[in-house]
Amino acid sequence: MIEVREVNSKSELKQFVKFNIQLYKGCPYHVPGLISDEMMTLSKEKNPAFDFCESKYFLAYKEGKIVGRIAAIINHKANEIWNLKNMRFGFIDFIDDINVSSALFLAVDTWAKEKQLYCLQGPMGFTDFDHEGLLVKGFDQISTMSTSYSFPYYAQHFEKLGFVKDQDWHEFKIQISKEIPTKYKRISDIVLKKYGLKIMKFKNTKEIWPYAKKIFQLLNEAYKPLYGYSELSDKQIDYYIKMYIPMLRLDLVPVIVRESDDAVIGVGITLPNLSKALQKAKGSLFPFGWIHLLKALYGKNDVVDLYIIGVVPEFQNKGINAALFADLIPTYNKWGFKYAESNPELEMNMKVQSQWEDYESEHHKTRRAYIRHIEK
């Protein structure tokens with residue numbers, strides 16, 4: 001007998017968050033997030049996405065033990081922008097029991113019908129800064145901080161329960177070249193001179209702070225056409241600035257600005273891979289989790305993660321990406337990075353994926369968003 005209960009207290013929410021860590025205990029490819037960060041993301045009081053989102057969280061129990069979890073999310077802004085009547089689902093985990101996964105989705109279906117919504121879509125979060133997509137390729141590859149791992153049986157359950165592919169994202173492992181590709185250096189020199197641009201690097205948080213809001217405004221422009229994206233509000237931008245800017249390795253973050261008006265044209269936000277450090281931290285910064293993270297950020301590390309490469313629409317396809325990597329490659333070699341992990345890239349976004357053709361690269365992971373119509 002499976003019982004599904006809505007999360008109604010802070011202690012239950014913590015159980016909801018910790019179930020993911022418990023389920024994947026001992027899995028060498030799973031990377032646990034920080035419990036405090038996920039609690040903040042799911043908090044209706046702390047996450048500014050709740051200005052335009054609603055959510056309910058459910059836990060599944062079998063013989064008194066937690067065996068599954070799911071978040072039901074309504075992003076009213078995204079529904080309005082994309083003219084949809086969808087309910088998102090995310091933060092989903094369950095044991096290999098179809099009765100458990102079925103019961104979790106039934107709870108989400110029930111709320112969707114109450115809200116007069118017609119489709120379930122996911123896994124997705126409140127915004128594009130949350131984990132999205134279910135792993136369907138690369139089960140023998142370690143996840144990154146910005147992605148989630150899932151056992152192969154998840155996709156099997158989804159398909160048995162009537163879900164079909166809505167969108168895929170591809171991830172790439174890219175060998176870092178010893179030298180800047182000649183083409184990139186030539187394009188970088190031309191584009192910077194032609195458009196009156198310069199590459200800025202920052203020594204401390206105080207120097208980058210005046211550009212922080214401009215960076216997120218750039219991302220709003222650049223990502224606006226992408227699958228499921230809803231523009232970040234000023235309140236959300238302030239929230240993400242406070243969360244992310246202090247943790248950046250600034251020598252790995254080139255920002256391209258126009259000299260005439262200091263407008264941000266492009267940005268590359270990259271960071272040493274934190275996967276193994278987060279595994280050692282086991283969801284907590286204390287007592288020793290922060291030490292593992294610091295070592296990964298500033299010590300020996302073979303892998304760098306390409307979190308965000310963004311260019312304003314009017315400068316896309318004009319060589320800005322080449323300028324960003326012409327700056328980054330020497331820095332990567334200086335610190336001994338051997339390869340890079342891309343963030344998930346939409347399957348149809350060939351403009352982005354084609355840039356890896358100049359490097360030795362491998363498409364090693366795929367994530368999928370599913371959709372299912374709700375029977376009335």
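First, the ground rules. This is a predicted model, in which local features need pLDDT of at least 70, side-chain atom pairs count only at pLDDT 80 or more, and totals for chains, interfaces and linings use all residues. Residues are numbered from 1 along each chain as its sequence is written, and side-chain values use heavy atoms, with hydrogens and water left out.

A word on names: helices are DSSP runs of H or I with at least four residues, strands are runs of E with at least two, and both are numbered from the N terminus.

Let's begin with helix packing. Two packed helices are described by the angle between their axes and the distance between the axes. Here the axes are lines fitted to C-alpha atoms, for helices over the stretch in contact, and the angles run from 0 to 180 degrees between N-to-C directions.

Please look at helix α1, residues 10–23, and helix α2, residues 35–42. Their axes are 10 Å apart and the packing angle is about 125°. That makes α1 oblique to α2; angles under 35 degrees count as roughly parallel, over 145 as roughly antiparallel, 65 to 115 as roughly perpendicular, and the rest as oblique. The crossing of α1 and α2 is right-handed, where right-handed says that the near helix is turned clockwise from the far one by less than a right angle, and left-handed that it is turned anticlockwise.

Who meets whom? On the α1 side we have Lys10, Leu13, Lys14, Phe16, Val17, Lys18 and Ile21, and they meet Ile35, Glu38, Met39 and Leu42 of α2. Contact here is heavy atoms within 4.5 Å. The residues of this α1 and α2 contact divide into 7 nonpolar, no polar and 4 charged.

Now for the second pair: helix α7, residues 205–223, and helix α8, residues 234–244. Their axes come within 10 Å and cross at roughly 125°. That makes α7 oblique to α8, and α7 passes α8 in a right-handed crossing. From α7, the contact uses Trp209, Ala212, Lys213, Phe216, Gln217 and Asn220, and from α8 it uses Ile237, Asp238, Tyr240 and Ile241. In this α7 and α8 contact, the residues split into 6 nonpolar, 2 polar and 2 charged.

Let me stay with Phe216 in α7 for a moment. Is Phe216 buried or exposed? Phe216 counts as buried, at 5% relative accessibility; buried is under 20% relative accessible area, exposed is over 50%, and partly exposed is in between, with a 1.4 Å probe and protein chains only. Leaving aside neighbours within four places in sequence, Phe216 is in contact with Phe129, Leu232, Ile237, Tyr240 and Ile241.

Next, Ile187, which sits in helix α6, residues 182–194. Ile187 counts as partly exposed, at 28% relative accessibility. Not counting residues up to four places away in sequence, Ile187 touches Gly319 and Ala322. The C-alpha atoms of Ile187 and Asn321 are separated by 9.5 Å, although these residues are 134 apart along the chain.

On to the cysteines. How many disulfides are there? The count comes to 0 disulfides, a disulfide being a pair of cysteine sulfur atoms within 2.5 Å. Take Cys53: the closest cysteine sulfur, in Cys119, is 18 Å from the Cys53 sulfur, too far for a bond. Cys53 counts as buried at 5% relative accessibility, and Cys27 is buried too, with a relative accessible area of 16%.

Finally, the backbone. A cis peptide bond joins Gly122 and Pro123, with omega about 0°; Pro123 lies in the loop between β5 (119–122) and β6 (134–137). The peptide bond from Phe286 to Pro287 is also cis, with omega near 5°, and Pro287 is in the loop between α9 (275–281) and α10 (289–298).

Glu63 is not a glycine, yet has a positive phi of about 55°. Glu63 is found in the loop between β2 (53–62) and β3 (65–75) and counts as exposed at 80% relative accessibility. Asn83, again not a glycine, has a positive phi of about 55°. Asn83 lies in the loop between α3 (76–82) and β4 (86–94) and is exposed at 71% relative accessibility.

Note on methods. Ala, Val, Leu, Ile, Met, Phe, Trp, Tyr, Cys and Pro count as nonpolar, Asp, Glu, Lys and Arg as charged, and the others, Gly among them, as polar.
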